[in-house]
Amino acid sequence: MSRATKLHKTSWCALRQFQQYRTKANFSPSIASRNELFAQEQLRQRDAVGRIDKIEVRYLGLPEDVTLVMNNHISTPFNCAQHLSEGHCRRSALALIDGSFPWDMHRPLQESCTLQLLNFNVSEPHVVNKAFWRTCSFMLGAALTRAFKTEANLQLHSFPGPNIKSGSFIHDIVLETQNWQPSKSEMRAISAEMIRLAAQDLRIERLDVQLEIAQEIFKDSKYKSEQLPSIAQQNNGRVSLYRLGDHIDISRGPMVASTHFLGKCTVSAAHKLADEGSAGAFYRIQGVALPCGFKLSHVAYGLLEERSQKLNPARLPHEPFEEQQQFQLS
Amino acid sequence: MNQADVTKLISQLRIAVRPNQRNLKNPDGPEGRLLKLRKTVTALMKHERIELYYNRADEARGYAELLISNAIRHGDRHKATMELADYWLLEKQLVHKLFKVLVPRYENYNVSYTRMYKAPRDYPGMYYRQSVLELRGNPYPSLLMDQSQNRNLLHNVLLDEARKEFRRKKLADLVN
């Protein structure tokens with residue numbers, strides 16, 4: 001096949017995907033308006049930077065330590081990685097600022113600092129693992145939104161902080177049915193949706209917004225609107241939002257740079273937690289995943305899958321919170 | 001049927017071989033191609049790990065596998081195998097290495113004898129894909145990262161927790 005044909009094919013595929021995305025965005029007006037608000041706020045924050053200041057970013061790591069001069073409030077760790085090599089851009093999942101603060105790859109830097117780029121194979125990968133687990137929960141939300149029809153009346157509730165030792169990442173949802181018993185093929189369909197997200201290699205963007213804007217974005221989501229005030233209260237009136245494709249959710253972050261870091265993934269179980277209202281119910285969707293490039297025999301992975309089916313003991317969504325502190329979403 | 005089992009007549013390789021050969025562009029035609037491959041096979045036997053263009057490596061790999069496989073099957077008292085080794089190995093001292101070093105090493109293997117990796121290509125440089133071709137069990141350090149030792153890696157954390165939970169369950173069963 002000639003190169004021209006190949007090029008034509010790839011661009012055609014990209015175009016088709018784009019069209020699909022567009023039709024989907026048009027299909028649900030609430031998602032479209034959410035994205036529009038998000039994009040507007042992103043643009044406003046970018047314009048509010050005004051005069052561009054330079055900062056010095058000291059990069060520590062391979063191939064050598066260098067000092068990069070970057071734009072304050074505009075340049076991200078990803079831009080720094082672009083100065084290093086394509087491999088750095090591709091492999092770095094998370095940045096570490098001043099040797100201690102985890103920072104999203106696509107979040108603009110605020111001041112002069114030192115920068116380390118982390119991947120999943122570093123000797124102390126706790127921070128990256130946690131970010132990965134959180135991203136899996138976030139992606140599960142996106143996958144569920146794509147998988148369910150509108151008749152199911154799916155509402156995402158929240159996802160508690162990542163706990164890898166529990167063996168599963170989770171997302172709590174509310175469905176318009178009280179006796180949903182998902183079959184194996186249904187769970188597999190949701191897993192496939194996760195894999196599809198990973199294959200699309202979508203960037204995960206972060207945006208810190210004021211409470212009012214967050215409330216405007218989530219005005220048609222009952223549960224999110226309820227959670228927003230107390231989240232903002234703990235965070236000086238600001239809420240951090242994350243976007244993946246057209247899916248937007250609240251999260252404290254940090255998350256990994258892109259969806260392509262998801263390798264093997266299984267959405268293994270859905271547990272009913274409690275009834276909600278007259279017709280709905282809370283469900284906890286659980287799964288297990290590995291970063292891409294990690295190889296595990298199917299026997300060992302089968303053990304992990306089996307363990308991830310047990311109900312995760314994390315905080316339940318319908319229980320009242322004794323301490324406000326605990327209400328901080330992951 | 002007193003027909004010979006065809007599959008037993010030639011060595012079955014443990015790698016995927018392309019149905020059609022690559023011509024490996026050469027002014028001398030097929031002979032030039034074979035000379036190229038003989039040089040590669042010789043270098044592989046000599047150095048045990050070489051870096052070269054993907055196409056040439058993939059093409060030479062099948063011949064190297066076949067050579068080792070035949071050497072293991074027939075031993076050094078077999079005329080045809082000796083001729084084969086004589087043909088593929090341009091440096092004749094490597095014939096001794098083949099039968100005295102490589103055959104004992106690979107006798108009990110149940111995987112392929114060679115291993116191939118994709119390697120990054122120089123930028124800017126030739127467009128051709130690069131690869132690394134090596135004999136298994138070579139004395140060099142591994143090219144792949146060891147992901148089993150660091151217990152903090154994600155899959156190891158998950159496996160360790162699964163193991164702990166299993167032990168706790170066993171202990172609880174013992175007590176009851």
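How many helices and strands does chain A have? In this predicted model, chain A has 9 helices and 12 strands, and the legends below take up both chains in turn.

Figure 1. The 9 helices and 12 strands of chain A belong to a chain of 330 residues, of which 35% are buried. When contacts between residues at least 6 apart in sequence are considered, 69% of those in chain A join residues at least 24 apart.

**Figure 2. The loop of chain A that holds A:Ser183.** Because 8 C-beta neighbours lie inside 10 Å, and a residue with 12 or fewer is classed as exposed, A:Ser183 counts as exposed. Although A:Ser183 and A:Ala270 are separated by 87 residues in sequence, their C-alpha atoms are 9.9 Å apart in space.

**Figure 3. Overview of chain B, with 6 helices and 3 strands.** Read from the N terminus, the elements of chain B follow the order α-α-β-α-α-α-β-β-α. The C-alpha trace of chain B spans about 75 × 60 × 35 Å along its principal axes, and the radius of gyration of chain B is 22 Å, whereas a compact globule of 176 residues would have one near 16 Å. Buried residues account for 18% of the 176 residues of chain B. Among the contacts of chain B between residues at least 6 apart in sequence, 58% join residues at least 24 apart.

**Figure 4. Helix 2 and helix 3 of chain B where they cross.** The axes of helix 2 (residues 29–47) of chain B and helix 3 of chain B come within 9 Å and cross at roughly 65°. Angles of 65 to 115 degrees count as roughly perpendicular, and helix 2 and helix 3 of chain B are therefore described as roughly perpendicular to each other. The crossing of helix 2 of chain B with helix 3 of chain B is right-handed. From helix 2 of chain B, the residues B:Lys36, B:Leu37, B:Thr40, B:Val41 and B:Leu44 meet B:Arg56, B:Glu59, B:Ala60, B:Tyr63, B:Ala64 and B:Leu67 of helix 3 of chain B. By class, this contact between helix 2 and helix 3 of chain B comprises 7 nonpolar, 1 polar and 3 charged residues.

**Figure 5. Helix 3 and helix 4 of chain B where they cross.** Helix 3 (residues 54–74) of chain B and helix 4 (residues 79–88) of chain B have axes that come within 10 Å and cross at roughly 150°. Because of this angle, helix 3 of chain B is roughly antiparallel to helix 4 of chain B, and the crossing of the two helices is left-handed. On helix 3 of chain B, B:Tyr63, B:Leu67, B:Asn70, B:Ala71 and B:His74 meet B:Thr81, B:Leu84, B:Ala85 and B:Trp88 on helix 4 of chain B. The residues of this contact between helix 3 and helix 4 of chain B divide into 6 nonpolar and 3 polar, with no charged residues. B:Tyr63 and B:Leu67, listed here on the side of helix 3 of chain B, also meet residues of helix 2 of chain B.

**Figure 6. Contact between chain B and chain A.** In this view, 13 residues of chain B are in contact with 19 residues of chain A. On the side of chain B that touches chain A, the residues comprise 7 nonpolar, 4 polar and 2 charged.

How values were computed
Residues numbered from 1 in each chain as written. Chains lettered and ligands numbered in written order. Predicted model: local features only at pLDDT ≥ 70, side-chain atom pairs only at ≥ 80, totals over all residues. Contact = placed C-beta atoms within 7 Å. Nonpolar A, V, L, I, M, F, W, Y, C, P; charged D, E, K, R; others polar. Helix = DSSP H or I, 4+ residues; strand = E, 2+ residues; numbered from the N terminus. Rg over C-alpha atoms; globule rule 2.2 N^0.38 Å. Buried ≥ 20, exposed ≤ 12 C-beta atoms within 10 Å, placed from the backbone. Axes fitted to C-alpha atoms, helices over the stretch in contact; angles between N-to-C directions. Parallel < 35°, antiparallel > 145°, perpendicular 65-115°, else oblique. Left-handed = near helix turned anticlockwise from the far one by under 90°.
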